[in-house]
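These are my notebook entries on one protein model.

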Amino acid sequence: ARRQFTGPEPERGGVRVWRRPLLRLPGLRPIVELILGTRQAMRADCELLLCYIALNSGVLGWLVHVFSNVPFVIWVRGADEVQVASRPGIRSRLCIFLFERANELWLQSHAIARQLQAELEQRGDRQAWRRIEPRVRIVSNGLDLPKAEPVELPPSNRFVFVGRLSPEKDFNTLFAAVARVSGAHLDVIGDGPLLSKLRAQVDAAQVTFHGACDRVHIDAQLRRSRGLILCSTVEGLPNAVLEALAQGCPVIATAVGAIPELLQDGSNGYLVRVGDPEAVAEAMRILQDDQQWHRMAAQARRSVERFSWSHLVPEVEQHLEALRRATPRPPNS
């Protein structure tokens, strides 16, 4: 990991953190960081590498594998990395290269696996999918599941967004929906490149920006909201949705990525079309009804119990141990 903060290293539970300097070398920084990271990984004399995100962690894993034959896993943490046809260029080609060479490729959902297959077929590269498919394993996100407690009825006008303030979240649709619901107020939690622009764009009486917040503040805000709203044009398996449902907060979200695998429309939330502010506004109006909200809030927590760390951690450990003991990785063509 980069040394991008000061203070004590976050080491606990037997986890050792190796850090390298945060470099200020425009153009050369990615290459230098890969060299430093590869050296550190080689010194660690590890038996297996679990690389979060293909770029650039997956590149580091592949380099260590080339030099030491250590198996490596790429755990894709979003849908953007599998958009290899709709986002052409050297990054897409590099992702495909890494997906074909990783011992295993972990995706967050079956929907993302289908998306990767479709993207490769769109490129006219079905052979790449045939090489990648045997390496794919579905491993979802983990969740700190709070204690089951009665959820108090929040104010009827409060809704919340949690996430990165970036273009794919489609704030135009989100703000247009809020403006259509009389008296509605939106709390926006998160930071990102659009923060200044969004602050200038909206009425402060309708939208409050909280910036980046800690987990305690986010959970409290979820419990005070009638629903989490996510109007994204692209998603993986968003933690924001999992965490909202765990707090008994229904979710209104676009049917992209793995979100349809989390939301049962009309049960624990509502699925809407991308770019449809009226559909979002109508779902908000339904959640303003106390009886409807109580019914959906009761379903919300139960719908994500399978994502708790008590389920995920043993599964991850089992997969890693099996790979560590396995025969050499599948041959590449």
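Entry 1. Is Asn-103 buried or exposed? The model I am reading is a predicted one. I looked up the relative accessible area of Asn-103 and found 8%. The limit for buried is under 20%, so Asn-103 is buried. I then checked where Asn-103 sits, and it is in the loop between H3 and strand S5 (104-107). Its side chain reaches the backbone nitrogen of Phe-72, at 2.9 Å.

Entry 2. I turned to backbone angles. Most residues other than glycine have a negative phi. Ile-53 is in the loop between strand S3 (49-52) and helix H2 (54-68). With a relative accessible area of 35%, Ile-53 is partly exposed.

Asn-69 also went on my list, with a positive phi near 65 degrees. I placed Asn-69 in the loop between H2 and strand S4 (72-75). Is Asn-69 buried or exposed? Its relative accessible area is 52%, and exposed means over 50%, so Asn-69 counts as exposed.

Entry 3. I looked at the segment after helix H13 (309-325), where Ala-326 is found. Ala-326 has 39% relative accessibility and is therefore partly exposed. What separates the C-alpha atoms of Ala-326 and Pro-71? I noted 9.5 Å, although these two residues are 255 residues apart along the chain.

Entry 4. Next came helix H11 (residues 277-287). Which residues of H11 are buried? I listed Pro-277, Val-280, Ala-281, Ala-283, Met-284 and Leu-287. They cover an arc of only 160 degrees around the axis, so they are on the same side of H11. In general, an α-helix has 3.6 residues a turn, so residues three or four places apart point the same way.

What do the buried residues of H11 pack against? I wrote down three helices and strands to begin with, among them strand S7 (158-162), helix H6 (171-180) and strand S10 (228-230). Strand S11 (251-254), strand S12 (269-272) and helix H12 (290-302) are also packed against them.

I picked out Thr-173, which lies in H6. Thr-173 has 8% relative accessibility, so it counts as buried. Leaving aside neighbours within four places in sequence, I found Thr-173 in contact with Cys-231, Gly-275, Asp-276 and Pro-277. Pro-277 is one of the buried residues of H11.

Entry 5. Last, I looked for empty space. Rolling a probe the size of a water molecule over the atoms shows where such space is left. I took the second largest pocket, with a volume of about 1100 Å³. Of the 36 residues that line this pocket, Arg-77, Arg-164, Glu-168, Lys-169 and Glu-235 are the closest to its centre. How do the residues of the lining divide? I noted 15 nonpolar, nine polar and 12 charged. Helix H3 (90-101), helix H8 (215-223) and helix H9 (239-246) each supply at least two residues of the lining.

Technical notes:
Residues are numbered from 1 along each chain as its sequence is written. This is a predicted model: local features need pLDDT of at least 70, side-chain atom pairs count only at pLDDT 80 or more; totals for chains, interfaces and linings use all residues. Side-chain values use heavy atoms; hydrogens and water are left out. On a 1 Å grid over the protein atoms alone, a cavity is a set of points where a 1.4 Å probe fits but cannot get out, and a pocket is an open set with protein on both sides within 12 Å along at least five of seven lines; lining residues have an atom within 4 Å of a point. Grid points are joined across faces, edges and corners, and a volume is the space filled by probe spheres set on the points. Helices (H or I, at least four residues) and strands (E, at least two) are DSSP runs, numbered from the N terminus. Ala, Val, Leu, Ile, Met, Phe, Trp, Tyr, Cys and Pro count as nonpolar, Asp, Glu, Lys and Arg as charged, and the others, Gly among them, as polar. Buried means under 20% relative accessible area, exposed over 50%, partly exposed in between (1.4 Å probe, protein chains only). A polar contact is a pair of N or O atoms within 3.5 Å; within protein, one must be able to donate a hydrogen and the other to accept it, and residues adjacent in sequence count only if both atoms are side-chain atoms. The arc is that of the directions from the helix axis to the C-beta atoms. Contact means heavy atoms within 4.5 Å.
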